[in-house]
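Reader: I'm new to this, so please take me through one part of this model slowly. I'd like a close look at a single spot.

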Amino acid sequence: MTSKASAPGKIILFGEHFVVHGTKAILGAINKRVTIISEKNKSQNISIKSSLGENSIPISESIENVDSMFKPFFFIAKKIINENNFSNGIDMDIQSDIPIGAGLGSSSACCVAAAASISNLFSELEKNQILNIAIEAERTIFPNTSGADCTVSVFGGIIGYQKDSGYKIIETNHEFDFIVVNSKKPHSTSIVVDRVNKFKSSNEKIFRDLCEEETRLIEKVTDSLQTFDLETIGKCMSQNQIFLEQLGVSNDQLLEIIKLIEKETFGAKITGAGDGGCIIALTNKNEKETVFEHMKTEHEAYSVTIDKTGMQVFNAN
Ligand code: MEV
């Protein structure tokens, strides 16, 4: 019997980094997904196969000894095997069209799809239960995660998210179009988040003021998202970018892309941890192809829309 589940990647429209410190963020799930097929096996191993490599790890292995690339998958499989008193292992096959390490939520989507696919081999879990397993798994590689990325991957759409109060769907019938440009500059979310922590410790007042400004920006833009006021949303994105620059997570290479794409769109900013990864720019249906063609000549670019479905679990068969 196999079990298949898929989960979308994400963009952060507003509030990355601040969200780790308790402020609200706005995220959107995107139409790029990871799909995981899992199956019970007859061995004592958890086997993981993806385009990045494969590994077969004894269930008895301690998580500390597992290569970080496989850690979240191993964690999820072992947890579910133990909770169900299952006496054998699990195989999983991962396929993804989310660029890896680019700030588009590839690892969170993997955690969500793996938790959904593997749990479904045993029983049907609530979305919140899958979310909790996914966040726990993500913490094996990124202990300080706010949980925002896994949350939007589970529920889809555009959400407001705050660590203490959870998520709320921002209801809108409009279709948003974004161009995503990959700077191809590698970054580590964990390292950038630690750097922002240090910034906060040595600039407490500046950080507090920035959190307050970000909160005001998010309050204002929530209305604009519902009324589809692209001009205002774009301006707010550019303002959010300035806050991120003040936190020290931008750099010349990212700014160069932002300046270029801003000329043709409503606004642009880093998405995710920054320091590298991707830039997002808000466009509209009529201009999206032209902007995409222009950006594609010099950069790796994607045209993305918001995925309203979130995680999907297909019947085990
Ligand atoms: C990473 O996609 C977003 C950050 O805010 C970290 C987090 O929320 O866990 C930088």
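Reader: Into which domains is the protein divided? And what surrounds the ligand?

Author: Quick housekeeping: this is a predicted model, where local features need pLDDT of at least 70, side-chain atom pairs count only at pLDDT 80 or more, and totals for chains, interfaces and linings use all residues. Residues are numbered from 1 along each chain as its sequence is written, and side-chain values use heavy atoms, leaving out hydrogens and water.

The protein splits into domain 1 (2–170) and domain 2 (177–305), with bounds from an automatic or database domain assignment. Their C-alpha centres are 24 Å apart. Between them, 29 residues of domain 1 are in contact with 42 residues of domain 2 (heavy atoms within 4.5 Å).

Now the ligand. Its shell takes at least three residues from each of the two domains. In total 13 residues surround the ligand, and the closest are Lys-10, His-17, Val-19, Ser-146 and Asp-149; a residue belongs here if one of its heavy atoms lies within 4 Å. By type, the shell has 6 nonpolar, 4 polar and 3 charged residues (Asp, Glu, Lys and Arg count as charged; Ala, Val, Leu, Ile, Met, Phe, Trp, Tyr, Cys and Pro as nonpolar; the others, Gly among them, as polar).

Next, some polar contacts (N or O atoms within 3.5 Å). An N or O atom in the Ser-146 side chain is 2.6 Å from a ligand oxygen. For Lys-10, a polar side-chain atom lies 3.0 Å from an oxygen of the ligand, and for Thr-145 that distance is 3.4 Å. Taken alone, the ligand exposes 300 Å², and the protein buries 97% of that (Shrake-Rupley method, 1.4 Å probe).

Conventions. Polar contact = N/O pair within 3.5 Å; in protein donor to acceptor, adjacent residues only side chain to side chain.
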